Amino acid sequence: MRVLVVEDETAFAETLRKGLRAEGFTVDVVHTGTDGLWRASEHTYDVIVLDLMLPGMSGYEVVKNLRAAENWTPVLILTAKDGEYDEADAFDLGADDYLTKPFSYVVLVARLRALLRRGAPERPAVLTVGDLRVDPAARTVHRGQTKIELTAREFGLLEFLVRRRGEALSKHEILRHVWDAHYDGDENVVEVYVGYLRRKIDVPFGTHTIETLRGVGYRLSA
């Protein structure tokens, strides 16, 4: 069972290496995000233990790049960042587990073994509408062969519309799912973001994917 440890604190990384080897793992260690991405891309590992605060490239970027390259090796984030948004961001980008420092070594080993039992997950389904492709795991959007860059909010809106394609959706329903159940701002923010999306996914390609339903809301053509 081969593990890649990406950790910039050399003493701590060496402690991890020795401890995991004692548990029967084969361990490679690198100390920068750039080296971690290269090793994970060029070699086969059963699981990756990844810090978030790394020189060269953050752990977030490492996970994002791996998933964008369709590398589904299980990733356990091991970090001192214990905020709920830090954890949520890591999972959104494709991490499989999250453990904060200080941690129980027994728990770390148990979680690694659990990830190994599960193995690399199958590639998540890519959502398609005609030649428009939305990849929720890699968080990428393509129209044909053209990659379309979206903000996080634009991506969330498009993903929701695609998952509910063919349905008439009110501004209120879109706000509740894409923004927040407690959002109390102007509903017209939906109209603004639909406009942003149209200028990126429709206008340059001469398509009309998002329909306006007068008095109702919007519908993404199936």
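**Figure 1. Contacts and setting of D51.** Leaving aside neighbours within four places in sequence, D51 is in contact with V6, E7, D8, G59, L78, T79 and K101, where contact means heavy atoms within 4.5 Å. The structure shown here and in the other views is a predicted model, in which local features need pLDDT of at least 70 and side-chain atom pairs count only at pLDDT 80 or more, while totals for chains, interfaces and linings use all residues. Residues are numbered from 1 along each chain as its sequence is written, and side-chain values use heavy atoms, with hydrogens and water left out. D51 is found in the loop between β3 (47-50) and α3 (59-68); helices (H or I, at least four residues) and strands (E, at least two) are DSSP runs numbered from the N terminus. With a relative accessibility of 4%, D51 counts as buried, a class that means under 20% relative accessible area, as against over 50% for exposed and in between for partly exposed (1.4 Å probe, protein chains only). An unreviewed UniProt entry annotates D51 as "modified residue: 4-aspartylphosphate"; UniProt positions are given in the numbering used here, feature names are shortened, and annotations may be inferred rather than shown by experiment.

**Figure 2. The cis peptide bond between K101 and P102.** K101, which is one of the residues in contact with D51, is joined to P102 by a cis peptide bond with an omega of about -5°. P102 is found in the loop between β5 and α5 (105-118). Both residues fall in the stretch 2-116, where the unreviewed UniProt entry places the feature "domain: Response regulatory". Over residues 2-116 the chain is 48% helix and 20% strand, and the end C-alpha atoms are 10 Å apart.

**Figure 3. The buried face of helix α3.** The buried residues of α3 are G59, Y60, V62, V63, L66 and R67. Seen down the axis of α3, these residues fall within an arc of 165°, so they line one face of the helix; the arc is that of the directions from the helix axis to the C-beta atoms. What covers the buried residues of α3 includes α2 (33-42), β3, β4 and α4. After α3 comes E70, whose phi is positive, near 65°.

**Figure 4. The two sides of helix α4.** In helix α4 (residues 84-93) the buried residues are D86, A90 and L93. They cover an arc of only 70° around the axis, which puts them on the same side of α4. E84 and Y85, by contrast, are exposed on the other side of α4. The buried residues of α4 pack against α3, β4 (75-79) and β5 (97-100). Just after α4, G94 takes a positive phi of about 120°.

**Figure 5. The crossing of helices α7 and α8.** The axes of helix α7 (residues 171-179) and helix α8 (residues 188-202) come within 9 Å and cross at roughly 75°, the axes being lines fitted to C-alpha atoms, for helices over the stretch in contact, with angles that run from 0 to 180 degrees between N-to-C directions. α7 and α8 are therefore roughly perpendicular to each other, a term for angles of 65 to 115 degrees, whereas angles under 35 count as roughly parallel, over 145 as roughly antiparallel and the rest as oblique. In this pairing K171, I174, L175 and W179 of α7 meet N188, V189, V190, E191 and Y193 of α8. By class, the contact of α7 with α8 has 6 nonpolar, 1 polar and 2 charged residues; Ala, Val, Leu, Ile, Met, Phe, Trp, Tyr, Cys and Pro count as nonpolar, Asp, Glu, Lys and Arg as charged, and the others, Gly among them, as polar.

Figure 6. The C-alpha atoms of I210 and R198, 12 residues apart along the chain, are separated by 7.1 Å. Not counting residues up to four places away in sequence, R198 touches V203, P204, I210, E211, T212 and Y218. With its neighbours within four places likewise left aside, I210 is in contact with residues including L161, V194, L197, R198, I201 and Y218.
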